[in-house]
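Visitor: Please pick a single part of this model and go through it closely. State the cut-offs as you use them.

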Amino acid sequence: MEIVYVYLKKRSEFGKQCNFSDRQAELTIDIQPNPELAEQFVERNPVDLGIQCSTCMSEHEVNTERFEMETRGVNHMEGGWPKDVNPLELEQTIRFRKKVEKDENYITAIMQLGSIMEHCIKQNNAIDIYQEYFDDEDPMEVTDEAPSAKTINVFRDPQEIKRAATHLSWHPDGNRKLAVAYSCLDFQRAPMGMSLDSYIWDMESPNKPETALRPSSPLITLEYNPKDSHILLGGCYNGQIACWDTRKGSLVAELSTIEFSHRDPVYGTIWLQSKTGTECFSASTDGQVMWWDIRKLSEPTELLIMDISKKENLETSLGAISLEFESTLPTKFMVGTEQGIVISCNRKGKTPAEKIVCTFSGHHGPIYALQRNPFYPKNFLTVGDWTARIWSEDSRESSIMWTKYHMAYLTDGAWSPVRPAVFFTTKMDGTLDIWDLVFKQCEPALSLKVCDEALFCLRVQDNGYLTACGSRLGATTLLEVSHGLSTLQRNEKNIASSIFERETRREKILEARHREMRLKEKGKAEGKEEDQREEEIAINLEELVSKAEEEFFDIIFAEQKKKEKDAMHKKPLLMQSLEEEEEELVGQQPDGEEEGGDEDRPQAMLTLEESLMIPIARLGHPADQPEAPTLPSVGPDVLFDSLTVICFTKLHCSERGLPEPGPPLGGPSPPP
């Protein structure tokens with residue numbers, strides 16, 4: 001039977017495009033599941049997906065034939081014996097085996113089955129080439145090869161006006177890329193037309209950068225996010241914090257507001273270990289450390305002022321140059337300052353005294369590098385002025401180890417991530433020094449002249465093989481160190497630990513001795529000061545006594561001279577009064593008596609001059625008249641007047657026949 005279908009459409013309407021329109025969904029049919037059909041299917045659990053064990057080098061995928069493996073087991077039981085042979089009887093089984101082995105078919109069957117069994121056994125004993133079978137074994141001794149390093153690549157600044165490479169950061173996944181921050185650190189000396197771009201370089205293509213980062217101000221620091229390799233954090237010269245997402249292009253994804261940012265260039269930025277992977281903190285020479293969340297860079301989440309007096313005074317704060325944060329110590333971080341002081345801080349502190357824990361002072365200039373030892377976090381490395389120093393948190397007064405003073409200024413340093421006794425330093429003369437404390441401690445194990453200009457920054461790859469150095473002219477040199485410097489040696493951890501502990505104990509002993517010496521010197525100085533004070537007091541007392549005596553006698557002699565002058569001035573009046581009294585006495589004498597001479601005059605009748613000389617002679621200096629009695633403790637005026645009154649009283653009493661008066665109260669008896 002033939003079926004015919006007639007089309008009633010025009011030829012022009014065939015193949016016409018469909019015109020769709022938005023409308024609500026409609027349910028045209030609802031087919032219920034058929035449980036009988038479900039029984040025909042088998043659930044696959046688990047589902048095997050074949051992938052390669054090596055690192056994915058491409059994002060493209062192709063469908064390949066999947067090799068399915070299955071495990072089959074066979075329960076083997078001893079059998080196959082004839083009925084007339086008892087397998088429990090040893091003699092019967094031995095007799096039967098000898099009989100079978102003599103059969104020609106037995107040898108042919110064994111040869112055929114043997115090749116098949118050999119193939120299966122080899123498959124079971126196959127080795128997985130991607131599996132590490134000897135992780136627990138101790139590494140072999142490193143050969144006695146000389147330390148060396150060779151240049152792999154050089155990444156040069158593509159701009160015509162060269163800028164210094166100020167910071168380096170390795171890509172967290174595989175270290176296949178290197179981010180380099182370029183800036184001119186000469187204050188207000190940046191040339192006109194200088195580019196602001198920084199770049200991300202691919203290890204395999206040194207001629208052209210892979211990505212350009214375009215900030216609003218030159219970048220001084222640049223760090224990859226360890227949790228998201230597409231995110232980068234940068235610190236700008238104008239104090240702002242910038243964030244990039246390489247998936248969105250070269251422009252800045254997030255930027256902090258200038259009002260709430262740093263006032264000076266940002267010299268340090270570090271990502272924090274957080275669940276979100278978006279928290280970080282920064283440090284600047286304005287004396288502030290700020291915490292940020294890149295999801296909201298409008299203002300910092302927390303702020304700390306680097307004032308070691310713990311008064312939170314921004315004017316007396318220390319400028320921060322370098323930062324250190326160890327993920328194993330989430331509450332602690334360290335700051336290297338311009339003044340050569342390392343400040344240990346506690347983020348969880350509530351007051352300034354709790355946030356700033358202690359300080360380590362030992363450098364004469366800014367601390368350009370600060371990093372904890374990856375194997376022993378309580379020991380950390382600082383690089384500043386002309387030396388590199390190793391510190392211990394147990395010894396705060398001084399470093400436990402330090403390098404000699406170099407002729408060139410040191411600019412950066414870092415520990416080796418694979419060897420606890422190896423660290424790297426760069427200098428202004430373009431030299432890279434690699435120190436191996438196990439090999440030698442007084443000199444670097446390897447000193448390599450990288451370039452003619454100064455080296456500004458250094459960064460070691462996580463595997464320890466590659467080291468990148470940035471120069472003043474923007475050239476970033478990639479070096480590969482020798483196998484001995486990048487491979488952990490036998491017992492190196494124990495040796496490094498014993499070195500650090502030994503030097504820490506030695507420094508503590510020296511600190512105790514210095515403390516005792518300072519106390520002794522202080523005690524001696526205080527004793528000498530007391531002796532000097534006693535001598536000065538004794539000398540001062542003698543001087544005061546002699547000075548008081550001189551002043552006392554000077555006053556007495558001055559008053560004596562004054563009284564003499566007054567007495568000489570009153571002499572005419574006294575003579576006149578005496579003459580009048582004599583005339584009256586003469587007039588009262590009986591007639592016939594003549595006036596006698598001087599010898600007939602009474603002894604008490606003294607002249608005025610003689611009476612005046614009595615007290616004057618008595619007031620001589622004690623040294624001139626040692627036998628004279630001691631003068632009374634009265635003033636010179638009272639003493640002179642009392643003696644004068646006594647003389648005149650005696651004179652008048654003798655003339656009138658009256659008894660002579662006694663000495664004045666508290667004074668000596670007058671002379672006879």
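Guide: Contact means heavy atoms within 4.5 Å. On that basis, and leaving out residues up to four places away in sequence, V335 touches V289, M306, A320, S322, L323, I341, V342, I343 and L370. The model is predicted, so local features need pLDDT of at least 70 and side-chain atom pairs count only at pLDDT 80 or more, while totals for chains, interfaces and linings use all residues. Residues are numbered from 1 along each chain as its sequence is written, and side-chain values use heavy atoms, with hydrogens and water left out.

V335 belongs to the largest nonpolar core, which has 18 residues. A nonpolar core is a set of buried Ala, Val, Leu, Ile, Met, Phe, Trp, Tyr and Cys residues joined through side-chain atoms within 4.5 Å. Buried means under 20% relative accessible area, exposed over 50%, and partly exposed in between (1.4 Å probe, protein chains only). The residues with the most contacts inside this core are F281, V289, W291, M306, F333, V335 and I343. At least two of its residues come from each of β11 (279-284), β12 (288-293), β14, β15 (332-337) and β16. A second core is separate, with 17 residues, including A369, I390, L410 and F423.

Now the sheet. Strands are DSSP runs of E with at least two residues, numbered from the N terminus, and two of them pair if DSSP finds at least two bridges between them. Strands of a sheet pair through backbone hydrogen bonds, either parallel or antiparallel. Here four strands make an open sheet, ordered β14-β15-β16-β17, with antiparallel pairing. The edge positions go to β14 (320-325) and β17 (356-361); each has a single partner strand, so one side of each lacks a neighbour in the sheet. From one strand to the next the twist averages 20 degrees, with axes taken as lines fitted to C-alpha atoms and angles running from 0 to 180 degrees between N-to-C directions.

I343 stands opposite T359 in β17. I343 is also one of the residues that V335 touches, and it is among those with the most contacts inside the largest core.
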